[in-house]
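Please open the model in your viewer and keep the selection panel at hand. The tour below moves from the whole chain to single residues.

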Amino acid sequence: MSKMKVGVIGATGMVGQRFLTLLADHPYFEVSVLAASARSAGKSYAEAVGARWKLDIPMPEQYKDMVVLDAANIKEVGAKCSFVFCAVDMKKDEIKALEEAYAKAEIPVVSNNSANRWTPDVPMVIPEINDSHLEVIAAQRKRLGTKRGFIAVKPNCSIQSYVPALTPLLKYGIKEVVATTYQAISGAGKTFNEWPEMIDNVIPYIGGEEEKSEQEPLRVWGHVENGEIVKADAPLITTQCIRVPVTNGHTAAVFVRFENKPTREEILEAWKNFSGKPQELKLPHAPEQFVTYFEEDNRPQAKLDRDIWGGMGVTVGRLREDTLFDYKFVGLSHNTLRGAAGGAVLIAELLYREGYFD
């Protein structure tokens with residue numbers, strides 16, 4: 001079976017780099033085009049990235065000599081691929097316009113960016129949780145006037161440290177959630193070499209992150225109605241988002257109150273048995289166990305546990321009853337794998353298997 005040709009838009013940035021490592025030997029997809037800003041266009045990928053390779057694994061050999069195209073040249077990029085991953089670093093309105101232009105050119109877009117997360121007919125998907133939202137693509141195509149083209153996006157990286165743990169507990173009537181996330185510097189696209197002021201430091205503010213962390217879970221838990229995603233009206237979520245001196249891995253301290261309080265054993269059983277369409281279809285980047293619980297008091301730890309199931313699993317620990325809320329626990333996810341490029345690749349794998357790229 002021949003592989004589907006795919007482009008990576010924003011290939012020189014940290015998330016673009018992560019896309020390339022995940023796609024280097026992919027069973028469904030083959031990277032046929034790399035694109036970035038005009039200043040990188042015409043250079044080999046190795047030359048365009050230069051000393052800015054940010055991952056702890058080497059640049060795959062097959063990309064080094066590929067000539068980078070200008071992401072704004074949609075016709076040239078689109079002629080070389082069947083769909084694109086998008087991870088560009090631009091202003092939000094510019095990203096939105098670019099992604100829609102690709103979609104209107106009949107080139108589906110699977111985006112890591114936030115620009116289209118609240119576009120009513122664009123699905124924002126965690127594949128194990130709300131794969132049913134993909135059905136809104138039909139309405140989006142009608143609006144865009146396309147047969148193939150559409151946009152699908154992944155949510156903010158921080159919510160994936162706690163939303164997967166909360167989702168199987170919704171049946172108990174979650175009323176209120178308090179979550180504080182401790183977010184790695186790679187979430188800002190940085191390394192310690194580039195951001196030495198983060199060493200031995202904690203910054204108690206990440207612009208725009210708290211609003212995303214409070215509102216995006218409600219959209220993930222929403223439903224499709226009249227060709228739009230209607231967000232859930234509960235639970236009430238409040239968050240604080242803090243930057244910490246960790247390379248990769250977002251940790252969340254979570255407090256939750258229920259309408260019908262489950263037992264600790266019921267919560268652990270819900271986490272153990274939680275799976276979705278990626279596990280059913282055995283998609284290449286689907287973790288065998290979506291949520292893994294650690295009984296040890298000092299787990300999960302970013303350094304030890306962020307790479308579970310290739311960085312695509314979510315880990316949880318320290319579940320216990322609370323004096324103010326019903327329960328509290330700690331969650332962890334890898335922010336550039338499950339939370340960024342890996343999450344987008346998993347969406348693309350689901351779209352591929354469900355026939356949305358046909």
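This is a predicted model: local features need pLDDT of at least 70, side-chain atom pairs count only at pLDDT 80 or more; totals for chains, interfaces and linings use all residues.

Residues are numbered from 1 along each chain as its sequence is written, and side-chain values use heavy atoms, with hydrogens and water left out.

Switch to a cartoon view, and the protein chain shows 14 helices and 14 strands; these are DSSP runs, numbered from the N terminus, with helices (H or I) of at least four residues and strands (E) of at least two. Along its principal axes the C-alpha trace spans about 60 × 50 × 40 Å.

Now look inside, where buried residues make up 58% of the 358 residues (buried means under 20% relative accessible area, exposed over 50%, partly exposed in between, with a 1.4 Å probe and protein chains only). Select I9, V77, Y102, L166, W221, W271 and F329, the residues with the most contacts inside the largest nonpolar core, which has 57 residues. Such a core is a set of buried Ala, Val, Leu, Ile, Met, Phe, Trp, Tyr and Cys residues joined through side-chain atoms within 4.5 Å. A second, separate core of 50 residues includes A11, Y28, M59 and I137. Returning to F329 and leaving aside its neighbours within four places in sequence, you will find it in contact with residues including L166, W271 and R318.

Next, which residues are the closest to the centre of the largest pocket? Select A87, V88, D89, M90 and N113, which are the closest of the 49 residues that line it. α1 (14-23), α5 (92-104), α9 (209-220) and α14 (337-353) are the elements that give two or more residues to this lining, and the space in the pocket is about 1200 Å³. On a 1 Å grid over the protein atoms alone, a pocket is an open set of points where a 1.4 Å probe fits, with protein on both sides within 12 Å along at least five of seven lines, and lining residues have an atom within 4 Å of a point.

Move on to the second largest pocket, with a volume of about 370 Å³, the space filled by probe spheres set on the grid points, which are joined across faces, edges and corners. Of its 21 lining residues, K54, L55, D56, T191 and N248 are the closest to its centre.

Finally, turn to the backbone. Most residues other than glycine have a negative phi, and most peptide bonds are trans. Select A234 and P235, which a cis peptide bond joins with omega about 5°; P235 is in the loop between β9 (228-230) and β10 (236-243). Another cis peptide bond, also with omega about 5°, joins R299 and P300. W309, although not a glycine, has a positive phi of about 50°; it is in helix α13 (residues 308-311). R318, in strand β13 (residues 314-321), has a positive phi near 55°.

Definitions and conventions. Contact means heavy atoms within 4.5 Å.
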